[in-house]
Amino acid sequence: MKPQNLLVIMSDEHSRKILGCHGNSVVQTPHLDALASRGTRFTDAYTSSPICVPARAAFAVGKYVHQIGFWDNADPYDGSATSWHHILRDRGHNVTSIGKLHFRSTDEDNGFSEEILPMHVVDKKGDLIGLLRDPIAARGHAKKLAATAGPGESTYTTYDRAIAAQAQIWLREKARLHTGKPWVLFVSFVAPHFPLTAPPEHYYRYADQQLPLPKLHQRPGAHSHPYVRDYASCIDYGAYFEDDRHIHRALASYYGLCSFLDEQIGKVLDALRAAGLESSTRIVYTSDHGDNLGARGLWGKSTMYEESAGCPMIVAGEGIPKDYVCTTPVGHIDVFPFILDAVGESSSELMHDRHGVSLERLAHGEVPGRHLLIEYHATGSVAGAFAVRHGRFKYVHYIAHPPELFDLESDPEELNNLASDPGHEAVRLACEGALRAICDPEAVERRAKTRQEEIIQENGGRAAIVERGDFGNTPAPGESARFY
């Protein structure tokens, strides 16, 4: 690829299913849809971990979570592992971030030339109560999620407006100062992450529409997979949704936040165009993970199902196929080599311990002989969960529970678990073999639990962490955490 500038846009908790270009006929996301039409959209893109802090650490470093050891929302990235931002900054590129990072703090060298309006974890510690996994500690913020669903403004929507404003200013005034080597601008929004409070002009787009209820939206019961029951016992959102009308209100808010996000992205893309930089800048859009959105009675993330582990992925610009849909499974690990290649820095010598393949190569039809991994070691799970894509199948290996196997071609909604079906035993064994070729899940589990126990003891033990409480979502800059 010809070296060019790069704009990386990330959102938080955006289910790819709530995106017009992904086939949703209700949601209005015109700017992202237009971006997809002038670039490549990946239908089956995955996070490395369906929760914020590990996902963002893995995105920065281009490795899987078990390779870097930032396991959960109380074990944030601290700059100690080399990121794409470190590499490019140290090679003379300006690498600026605007918005949410969810690293430990600005006191570390996170690899950026400048951090503008950064959001990091609370008190350099983050979500300590999420460390309490066996037994699982119940959390207190689910009631807030249900209560705040509806029209209005939150500190998050205010924060996102400020992020979009600073990105426009940077593109209009600062981008032209960096002419020696291509720059990278990382713009990271928090929408549509809860609280599910959507600006009224966006909420009312959907409030009176017939939004389909989530599949299996009843509260998890004996029929549910035990992992689902574990998560619901920790964060029981469903207990506070009074009826289907209340669920509809939450869905209208989430849809509204997706349209609000699209509006902010549109402002950034308009500024890129107005600054005369569109033709010399490639663009990546993704989200750190998805959202269950009421499916199986769950809200938030933290599961291996497509709603949560899947994420949007769009790439556009010179050398990228236009109006193309790529069905090859891809992951956040594939963004790392793409970023380096896009600005003219070779990634080949850095990939010996990384599994990624550049999105540009994948968009041009390369089908790598590899399996994608998703892993989870955080709140709501008594033990680790690992998922691999194996062709049309997705296999989920639970340390403490029976496995799941889904044929995503015939069963895209993941309603029929084939793991115990004798006719699919060979597929299940092949999938488990693919997982074990990437990592030893039991050994990874021991490492994660050992590290988490160290952090628990550093913070006074289980009782002290429970006493500290649950703050729900990380406060925006200038806001204090409110514990429950």
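Visitor: Is Ser11 buried or exposed, and how do I read that?

Guide: Look at the relative accessible area: a residue counts as buried when this value is under 20%. In this predicted model, Ser11 has a relative accessible area of 0%, so Ser11 is buried.

Visitor: Where in the fold does Ser11 sit?

Guide: Find its strand, then look for the partners of that strand. Ser11 belongs to strand S1, residues 5-12. S1 pairs with strand S9 (residues 281-287) in the parallel sense, over seven bridges; in one of them, Asn5 has Thr281 as its partner.

Visitor: In what order do the strands of the open sheet run?

Guide: The eight strands follow the order S5-S4-S7-S1-S9-S11-S2-S12, with mixed pairing. S5 and S12 stand at the edges with a single partner strand each, so one side of each has no neighbour in the sheet. On average, neighbouring strands are turned by 15° against each other, direction ignored.

Visitor: Which strands does helix H2 touch?

Guide: Helix H2 (residues 52-61) packs on the sheet, touching S1, S4, S7 and S9, and its direction makes about 165° with that of S1. Helix H11 (residues 335-342) lies across S1, S9 and S11, at about 155° to S1.

Technical notes
Residues numbered from 1 in each chain as written. Predicted model: local features only at pLDDT ≥ 70, side-chain atom pairs only at ≥ 80, totals over all residues. Heavy atoms only, no water. Helix = DSSP H or I, 4+ residues; strand = E, 2+ residues; numbered from the N terminus. Buried < 20%, exposed > 50% of the residue type's maximum accessible area, 1.4 Å probe, protein only. Pairing = 2+ DSSP bridges. Axes fitted to C-alpha atoms, helices over the stretch in contact; angles between N-to-C directions. Contact = heavy atoms within 4.5 Å.
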